[in-house]
Amino acid sequence: MLIFNNIVKNYEEPVLGPINLKIKNNSFVSIIGPSGSGKSTILRLASGLIKESSGLISYEDCVKPKMGFVFQDSTLLPWRTVIDNILLPLELTNKNISKPKDKSLMWLSRVGLDGKENSFPNELSGGQKMRVSIARAMIQGASLLLLDEPFSALDEVTRRKLEDDLLELWKVNNITVLFVTHSVTEAVYLSERVIVMSSSPGTVVEDVVIKRKVNNNFDQTEEFMSQVRYLSGILRQEGEGK
Amino acid sequence: MRKYISFIAPTLTFLFLLILWECLVIYNKTPLYILPAPSDIALSLLLNYNDLLSSAFVTFKITILAFILASSLAISLAILFSQSRFVELSLYPIAVIFQVTPVVAIAPLILIWVGLDNAEFAILILATLVAFFPVLANTNLGIKSVNKNLHELFSLYGASRYQRLVKLQIPFALPFILTGMKTSIGLSLIGAVVAEFVAGSGTSTGLAWRIIEAGNRLDMAKLFAALILLVILGVFLFLLMSFLEKILLKRWHDSSTF
């Protein structure tokens with residue numbers, strides 16, 4: 001379990017907090033909120049990219065989980081082939097795993113990009129680049145996957161396909177997913193739990209467990225729509241409050 | 001046909017201008033010491049083939065050496081800048097001073113310091129100074145332009161400074177470096193020629209010296225022949241850099257079109 005205990009982050013002025021959150025293992029949690037509410041800051045704090053100004057981030061079993069981070073843009077290195085991009089985390093951490101190439105090919109296959117290993121990023125579509133980015137994030141055996149608006153630049157069809165594939169990835173690999181998005185429908189569709197942030201400095205204004213009686217065509221149900229309406233209402237109030 | 005138009009159009013224009021030039025010179029009976037006809041220049045090129053070619057080789061040698069020296073120094077310095085803000089703040093203004101100081105103004109100094117017997121070495125230094133800055137400025141810009149998210153990605157995996165430099169900053173800066181080198185190779189040639197002009201005859205016998213010599217003797221046909229060789233040299237060097245750029249950026253960068 002990932003625990004945020006009274007976390008505050010200040011730059012020149014306060015941007016986040018205090019935040020108290022518990023993210024259970026193997027859960028799928030989305031964070032939504034107006035621009036500047038500190039959603040991405042939460043991910044950067046969780047990943048250790050930035051340090052909290054006060055408070056403590058801890059883990060239930062005191063062991064920092066292996067993390068993968070997927071940025072808003074795919075952050076692939078354009079001079080490296082797809083397979084070399086996926087292998088990058090292993091190179092940087094000097095991890096000696098057996099058959100790294102086989103493992104990266106396996107992840108490439110899992111994200112549906114068989115045969116693309118020798119392509120360069122500029123030969124891929126936006127959706128394919130994001131899939132490579134997810135494969136790279138998972139290559140080290142991440143148990144906590146942090147995603148910062150990964151599908152925001154994609155078209156609707158590609159986005160929906162990637163959302164379904166991400167759900168599949170989460171279920172099959174027993175990982176914890178912390179997902180930042182601007183889209184309420186995306187958050188409700190994907191998550192078990194949605195956290196709504198207030199405008200700056202961001203605090204948690206609502207923590208909602210998503211009710212889901214059916215898994216198939218969940219986004220077509222009234223249950224889905226009512227939860228989207230409810231969260232959109234809160235988000236609108238927060239936006240107006242700003 | 002459309003495929004070849006980019007070659008045919010300039011070739012035909014060039015031929016037309018040559019013929020026009022030839023006709024005008026013949027028609028106006030322009031003296032040879034004012035403006036030689038293209039046929040006179042071609043004849044001079046054939047007659048002075050050995051002299052001009054050996055001079056072209058001297059200029060080519062100095063240009064390439066200056067280019068390699070300038071590029072190596074500039075890239076090394078830019079890498080040093082990326083590792084230490086203090087070094088950058090200390091040395092960058094000095095590099096700018098060298099850039100804005102006209103080469104003709106410092107040429108006499110360099111000549112005196114190096115010694116008139118070593119004119120070729122002085123020319124090499126001057127050409128290097130001229131060619132140095134574009135590579136430095138572009139490499140510096142390229143290294144600084146690395147996307148913030150890419151830096152964060154490397155931080156996430158605990159990359160060392162060396163890994164960050166070798167696996168991220170230098171490859172990212174490569175298109176910038178090559179753009180700087182493309183400018184720099186032309187400047188190396190200009191620097192080599194200008195420096196030789198300023199240095200005078202000395203011990204150097206590059207194409208600039210041939211131009212001075214032909215000018216003093218009012219041998220305009222030979223002067224033009226030397227000029228043509230300079231142009232050919234410049235175009236060859238530019239194409240060489242474009243080819244290198246294409247090889248290095250091949251599949252991954254949009255700018256790698258010939």
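In the predicted model, helices α2(A) and α4(A) pack against each other at an angle of about 35°, and their axes lie 7 Å apart. The crossing of this pair is right-handed. On the side of α2(A), the contact is formed by A:Val82, A:Asn85, A:Ile86 and A:Pro89, while α4(A) contributes A:Val132, A:Ala135 and A:Arg136. Classified by residue type, this contact of α2(A) with α4(A) consists of five nonpolar residues, one polar residue and one charged residue.

A helix pair was also examined in chain B. This chain contains ten helices and zero strands, and its pattern along the sequence accordingly reads α-α-α-α-α-α-α-α-α-α. Taken along the principal axes, the C-alpha atoms of chain B fill a box of roughly 75 × 55 × 25 Å. Within chain B, helix α4 (residues 85-100) and helix α6 (residues 119-144) pack at an angle of about 145°, with 10 Å between their axes. The crossing of α4(B) and α6(B) is left-handed. From α4(B), the residues in contact are B:Arg85, B:Glu88, B:Tyr92, B:Ala95, B:Val96, B:Phe98 and B:Gln99; from α6(B), they are B:Leu129, B:Phe132, B:Phe133, B:Leu136, B:Ala137, B:Asn140 and B:Lys144. Nine of the residues in the contact of α4(B) with α6(B) are nonpolar, two are polar and three are charged.

Helix α4 of chain B also holds B:Val87. When residues up to four places away in sequence are left out of account, B:Val87 touches B:Leu80, B:Phe81 and B:Tyr92. One of these, B:Tyr92, also belongs to the contact of α4(B) with α6(B). Between B:Val87 and B:Leu77, which are ten residues apart in sequence, the C-alpha to C-alpha distance is 9.2 Å.

The two chains meet at an interface in which 26 residues of chain A are in contact with 19 residues of chain B. The size of an interface is often expressed as the accessible area lost when the parts come together. Between chain A and chain B, the buried area is about 2000 Å², and carbon and sulfur atoms give 63% of this area. In chain A, the residues that lose the most area to chain B are A:Leu49, A:Trp79 and A:Leu92, which together account for 33% of what that side buries.

Polar interactions across the interface comprise nine residue pairs in polar contact, both residues of each pair being at pLDDT 80 or more. The elements giving two or more residues to the side of chain A that touches chain B are α1 (39-47), α2 (82-92) and α4 (126-138) of chain A. The most is given by α2(A), with four residues. By class, this side of chain A comprises twelve nonpolar, eight polar and six charged residues.

Salt bridges were counted over the whole model and across the interface. Over all chains the count comes to 21 salt bridges, and three salt bridges are found between chain A and chain B. In one salt bridge, A:Arg44 pairs with B:Glu152, and the closest N and O atoms are 2.7 Å apart. A:Arg44 also forms a salt bridge with A:Asp148, for which the closest N and O atoms are 3.1 Å apart. Because A:Arg44 lies in helix α1 of chain A and A:Asp148 in strand β6 (residues 144-148) of chain A, this pair ties together parts that are 104 residues apart in sequence.

Definitions and conventions: Residues numbered from 1 in each chain as written. Chains lettered and ligands numbered in written order. Predicted model: local features only at pLDDT ≥ 70, side-chain atom pairs only at ≥ 80, totals over all residues. Heavy atoms only, no water. Contact = heavy atoms within 4.5 Å. Buried area = accessible area lost by both parts, 1.4 Å probe. Salt bridge = Lys/Arg side-chain N within 4 Å of Asp/Glu carboxyl O. Polar contact = N/O pair within 3.5 Å; in protein donor to acceptor, adjacent residues only side chain to side chain. Nonpolar A, V, L, I, M, F, W, Y, C, P; charged D, E, K, R; others polar. Axes fitted to C-alpha atoms, helices over the stretch in contact; angles between N-to-C directions. Left-handed = near helix turned anticlockwise from the far one by under 90°.
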